[in-house]
Amino acid sequence: MIPVTQHSTAFQIVDVKKTFDTADGRQVQALDGVSFEVEAGQLVCMVGPTGCGKTTLLRLMAGLETPTGGQILLEGKPVVRPGADRGMVFQQYSLFPWRTVLKNVTFGLEMKGLPKKDQLKRARRAIQQVGLNKFEKAYPYELSGGMQQRVAIARALVNEPQILLMDEPYGSLDESTRLKLQDVLLALCRDHQKTVLFVTHSLDEAVYLSDRVVVLGGMPGQVVGDLTIDMPHPRERVSQQFVECLLHIRQVIADSALNDNGVDLVPVQRLNGHLPTPGPCCFQDIEPQRKNP
Amino acid sequence: MLRQAPSRKLLKSTVDLSSLKRWRHKMAVVSKKAWHKILPLFSVVILIALWQAIAVWVNNPFILPRMEPVWEVLSKPFEDVLGQGSLIYNIFLSALRVVLGFSVAVLIGVPIGLWLGSYNTPYRMFFPLVEMLRTICPIAFIPFAMAVFRFYTLPNMVGVRYSNTFLDDVMLGMLFVLFWGAVFPIVINTVSGVHGVKQLYVETAETLGASGRKIFWKVTYPAALPSIMTGLRVGAGVAWMVVIAAEMLPGSDSGIGYLIIYGYQLAQMHVLVAGMFCIGLVGFLLNKGLYYLSITTSRWQAKER
Ligand SMILES: Nc1ncnc2c1ncn2[C@@H]1O[C@H](COP(=O)(O)OP(=O)(O)OP(=O)(O)O)[C@@H](O)[C@H]1O
Ligand SMILES: [Mg+2]
C-alpha cells in the first residue's frame, strides 16, 4: 500500500528566488532562496500561511513563470515552458466557460489528437470519478464553485500527466467529497506512480495524503520545515501517530511564525508539552497576535 | 398541541382551491408574457395616430402626408413606385449592398483584428492609425470612392459589361464606402476581445498541452468571440445607415435611399415616409437577427459569474 518510492529525482529546486514587478512600479519578493528536491513517485504537500509563495512556486514548477534567481530542474533539465507532462489544478476557477463540462475535460485529449471515441470514453470515466456524470452537458456557469473545481481536477487527471501540480484543489469542497477525492488521488498515485505537489491549508489533509510535507513560511517565502511522513496507507486519522505528525507540523509552522516577526500563533500555548485529545485538526490562518503588547 | 386534522371534505375543497389558484397564477404568468409582447405595439399605434392627427390638422400632403397614401404604398410592396421599381426591389438592392460590403468588412476586419490583438508590435505600429482612420466618416469617402471606382460594377470585375441583372446596380464605390463604415467597429471590437482574454485560460490550455496555433483557435478565438460579435452588430448597423445616405447622393439611381430622395424631388411625401418606414423595419430586423446570432454564440459570457 505504501507508494513505491523510486530513488530518482523528479524536481530539483535550487535556491529559487522570485521577485515580481507590480503594476505600480514596486517590487515584491515572493520567494527567497527555496531549495528542495522531489523524488519521482512522491506525494509532497506544501503548507504555509497565505502569501508565502506556494502558488508562485507551483507556477514556477509548471513553467508558467521564470525564476529571477536559482533554477528548477525537472529530470535534470531546466523547466522552461508548461507542458502536458505537468498537469496543473489552479487555485482559481479555470474552466473554459464556453465549453461544456465534457468538452472541458476532453480539452487535453483533443490537444493530444486522440480519436474522438477514446476522448469521450476517458473523459466520461474521469467525470464519473469526481461524481459529476449527471452534469456532463452543463456549462461551467451552471455549476457551483465546488463542482467547477471537481471538473478542473477531472480535466487535469484525464490527461494522465506523470506529474500533478495541485493548488488547493480541494479547498472549496465539502468534507465527504474531499475525503473521497483524497482517496482517488492516493489510488492514482499507488497505481501509476505519480509525482504530486499538493498545496493545502488543511494539515489533516497533508498528513493523510503525503509522503512528505514541506512547510513554507515567511514573506518572502522560504522552506521552514521539511518532514517525511512514514506511515502506511490507508492512514487512520485518529491514531496517535497521525495526531503526533499533525501537531508536529503545527509546531513547525508556529515556530516559524514566531521566529519571523516575533509574533505568536494562538495554538502554541495549548500544544507545549502534552498532546491534547484529537479535535478538529484543520490548520487555519490565524491572525498573528503581538506577544507583548 | 396537535391541531385537529381537517375533515376529508374540507381537505378536498382546499386542494381544489389551490389547484384553481395555481391555474390562475399560471394564466396570470402567460397573460403577463403576452402582455409584454403586445405592449411595444401600442407605442407604434400611438405614433401612427399622432402622425395622422397632425397630418389632418396640417392638411398639406406636400409637407406631412396622411397615413392612407403611405399605407397605399406599403400595402403593395411588389408594385412599381414612381417608375423606379417596387419597394421590395429597392429594399433588396440596399440590403444586398450592405450584405456585400459588410461581408468584405468581416472577412478583412476580423483577421486583421485577431492579428493586431495577438501581436504587440503590429498593434503598436498600426492601431493608432486605425483609430485615426476610423474618425473619417464613411460618407466623406463617397466623392473619393466615386473618383477611384468610377462606375465600375460587380459584373465589370469579371469582364462583363452588362449582366442585365440586379448586379449591374451594385457599384464597387458604394461597396467600398460600406466596407469603410463597417470595418472599424469590427477591427476595434475584435482587438479588444483578444486583449480581454483571461491569461488564466491561456495558462490552463498550456498546462493541458496546447501551444501556439492551438491556443489561438481553441482559447483566444472562442474567448474573444462575444466581443467580435458585438463588433459585427455595430458594423452592420453602421453599414445600414451609410447605405441609405450614400444612395441619396448624386450618381446613385436605385435603392431605398434613392427612392426617398426621388420621392422628395417629385414632392411625393407619402413615398418618402413609406421608404423611411421600410428603413426602420429592415434596420430593426437586421439588429435583432445579429443579436440572436451573438446570443447563441456567446451565451456563456452573459451568464459568467
Ligand atoms: N503576478 C504577481 N505580481 C505581483 N505580486 C505577486 C504576483 N503573484 C504573486 N505575488 C505576490 O507574491 C506573494 C506570494 O503569492 P502566492 O500567490 O504565491 O501566495 P500563496 O502562498 O499561494 O498564498 P495563498 O495561500 O493565499 O494562495 C504575495 O505577496 C503576492 O502578493
Ligand atoms: Mg495560492
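Trainee: Which residues does Ile256(B) touch, not counting residues up to four places away in sequence?

Mentor: This is a predicted model. In it, Ile256(B) touches Leu87(B), Asn90(B), Ile91(B), Ser94(B), Ile244(B), Glu247(B), Gly275(B), Cys278(B) and Ile279(B).

Trainee: What makes these count as touching?

Mentor: The cut-off for a contact is heavy atoms within 4.5 Å. Each residue named, such as Leu87(B), is in the list for Ile256(B) on that ground.

Trainee: Which residues have the most contacts inside the largest nonpolar core?

Mentor: Phe96(A), Phe107(A), Val219(B) and Ile256(B) do, in a core of 70 residues. Helix H9 of chain B, residues 212-248, gives the most to this core, with 16 residues. A second, separate core has 51 residues, including Leu102(A) and Val213(A).

Trainee: Why is Gln71(A) called partly exposed?

Mentor: Its relative accessible area is 37%. Buried means under 20% and exposed means over 50%, so 37% lies in between and Gln71(A) is partly exposed. Gln71(A) sits in strand E4 of chain A, residues 69-74, and touches Gln12(A), Ile13(A), Val14(A), Val16(A) and Pro78(A), leaving aside residues up to four places away in sequence.

Trainee: What makes the pair Lys218(B) and Glu110(A) a salt bridge?

Mentor: The closest N and O atoms of Lys218(B) and Glu110(A) are 3.5 Å apart. The rule asks for a Lys or Arg side-chain nitrogen within 4 Å of an Asp or Glu carboxyl oxygen, so the pair qualifies. Across the interface of chain B and chain A the rule finds 2 salt bridges, and 4 residue pairs are in polar contact.

Trainee: Which element gives the most to the side of chain B that touches chain A?

Mentor: H8(B) does, with 7 residues. In total, 20 residues of chain B are in contact with 28 residues of chain A.

Trainee: How much area do chain B and chain A bury between them?

Mentor: About 2100 Å², with 68% of it on carbon and sulfur atoms. Thr207(B), Leu208(B) and Trp300(B) supply 32% of the area that chain B buries against chain A, more than any other three residues.

Technical notes:
Residues numbered from 1 in each chain as written. Chains lettered and ligands numbered in written order. Predicted model: local features only at pLDDT ≥ 70, side-chain atom pairs only at ≥ 80, totals over all residues. Heavy atoms only, no water. Core = buried A, V, L, I, M, F, W, Y, C linked by side-chain atoms within 4.5 Å. Buried < 20%, exposed > 50% of the residue type's maximum accessible area, 1.4 Å probe, protein only. Helix = DSSP H or I, 4+ residues; strand = E, 2+ residues; numbered from the N terminus. Buried area = accessible area lost by both parts, 1.4 Å probe. Polar contact = N/O pair within 3.5 Å; in protein donor to acceptor, adjacent residues only side chain to side chain.
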